[in-house]
Amino acid sequence: MLSLKRAAAAMRDADVGYALAGGFAAYAHGAAVSTHDVDFVVRPEDVGAALGALGDVGMSHLESPENWLEKACDGEHVIDLIHTPSGRPVDAALLGRTREMPVGAVFMPVLHATDLAIMRLLAFTETACDFSGFLHVCRALREQVDWTRVAEETAESPYAYAFLTLLARLNVIEGGVL
């Protein structure tokens, strides 16, 4: 959690537009605490400034083979700077839907629960389709998510459709969403 707070403060102080994403954002909305790396979203044009801000507080840049994120390291903790999740560049509209929330006693912009769901569902593929890790998050956040919007924005993904069908069959969401 300390690395999360340090990274958020560094980007805030450098005037980099960012938002907390991933498991820690889900935690901020009420899901179980994340034990994975720290995920932030930044616009593609702000990646260099974000890495610079993290470097200024002693974090190092890690080379990443993926072309949709950059990584920084704070000791043993990895910070992911996601700029193009599932081929959709982070933009001002996404960052504009964030909400300032306390995370570990530090206020920071956190992705809306609906955007978290969309990002995660679009990340499911035939080689990365383990629904178990996200099922508990959807149960915890279900009242905060606009499931109709999630279904509309993920309609092209058969994996998202399968996950939404599972949620409907488990009575986590209304069946009419699909």
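**View A. Buried residues of helix α8.** Ala 160, Phe 163, Leu 164, Leu 167 and Ala 168 are the buried residues of α8. They lie on the same side of α8, because they cover an arc of only 140 degrees around the axis; the arc is that of the directions from the helix axis to the C-beta atoms. Pro 158 and Arg 169, on the other side of α8, are exposed. Buried stands for under 20% relative accessible area, exposed for over 50%, and partly exposed for values in between (1.4 Å probe, protein chains only). Helix α8 covers residues 158-169, twelve residues, and reaches 16 Å from its first C-alpha to its last, close to the 16 Å expected at 1.5 Å a residue. The expected span of a helix is 1.5 Å times one less than its number of residues. Helices (H or I, at least four residues) and strands (E, at least two) are DSSP runs, numbered from the N terminus.

The model is predicted: local features need pLDDT of at least 70 and side-chain atom pairs count only at pLDDT 80 or more, while totals for chains, interfaces and linings use all residues. Residues are numbered from 1 along each chain as its sequence is written, and side-chain values use heavy atoms, with hydrogens and water left out.

**View B. Helix α1 and the residue Asp 15.** The end C-alpha atoms of α1 (residues 2-13) are 16 Å apart, which agrees with the 16 Å that its twelve residues should span at 1.5 Å a residue. Buried residues in α1 are Ser 3, Leu 4, Ala 7, Ala 8, Ala 9, Ala 10 and Met 11. Asp 15 follows α1 and has a positive phi, near 60 degrees.

**View C. The largest pocket.** This pocket holds about 780 Å³ of space. Its lining consists of 27 residues, and Gly 22, Gly 23, Asp 39, Arg 120 and Phe 134 lie nearest its centre. Two or more lining residues come from each of α2 (22-28), β4 (69-74), β5 (77-82), α5 and α6. By class, the lining has 13 nonpolar, nine polar and five charged residues. Ala, Val, Leu, Ile, Met, Phe, Trp, Tyr, Cys and Pro count as nonpolar, Asp, Glu, Lys and Arg as charged, and the others, Gly among them, as polar. A pocket is an open set of points on a 1 Å grid over the protein atoms alone, with protein on both sides within 12 Å along at least five of seven lines; a cavity is a set of points where a 1.4 Å probe fits but cannot get out, and lining residues have an atom within 4 Å of a point. Grid points are joined across faces, edges and corners, and a volume is the space filled by probe spheres set on the points.

**View D. The second largest pocket.** The volume of the second largest pocket is about 210 Å³. It is lined by 14 residues, of which Arg 88, Leu 94, Arg 97, Asp 115 and Glu 153 are the closest to its centre. At least two lining residues come from each of α5 and α7 (147-153), and α5 gives the largest share, four residues. The lining divides into seven nonpolar residues, one polar and six charged.

**View E. The largest cavity.** The count is one cavity of 30 Å³ or more, and the largest cavity holds about 30 Å³ of space. Ala 113, Leu 116, Ala 117, Phe 134, Val 137, Cys 138, Leu 141, Val 145 and Trp 147 form its lining. Helices α5 (113-123) and α6 (132-141) each supply at least two of the lining residues, with the largest share, four residues, coming from α6. The lining has nine nonpolar residues, no polar and no charged.

**View F. Cysteines.** The model has zero disulfides, a disulfide being a pair of cysteine sulfur atoms within 2.5 Å. The sulfur of Cys 129 is 13 Å from the closest cysteine sulfur, in Cys 138, and so is too far for a bond. Cys 129 is partly exposed at 32% relative accessible area, and Cys 73 counts as buried at 16%.

View G. Leu 111, in the loop between β7 (106-110) and α5, is buried with a relative accessible area of 0%. Ser 86 sits in the loop between β5 and α4 (92-96); its phi is positive, near 50 degrees, and it is partly exposed at 39%. Ala 105, in the loop between β6 (99-103) and β7, has a positive phi of about 70 degrees although it is not a glycine, and is exposed at 76%.
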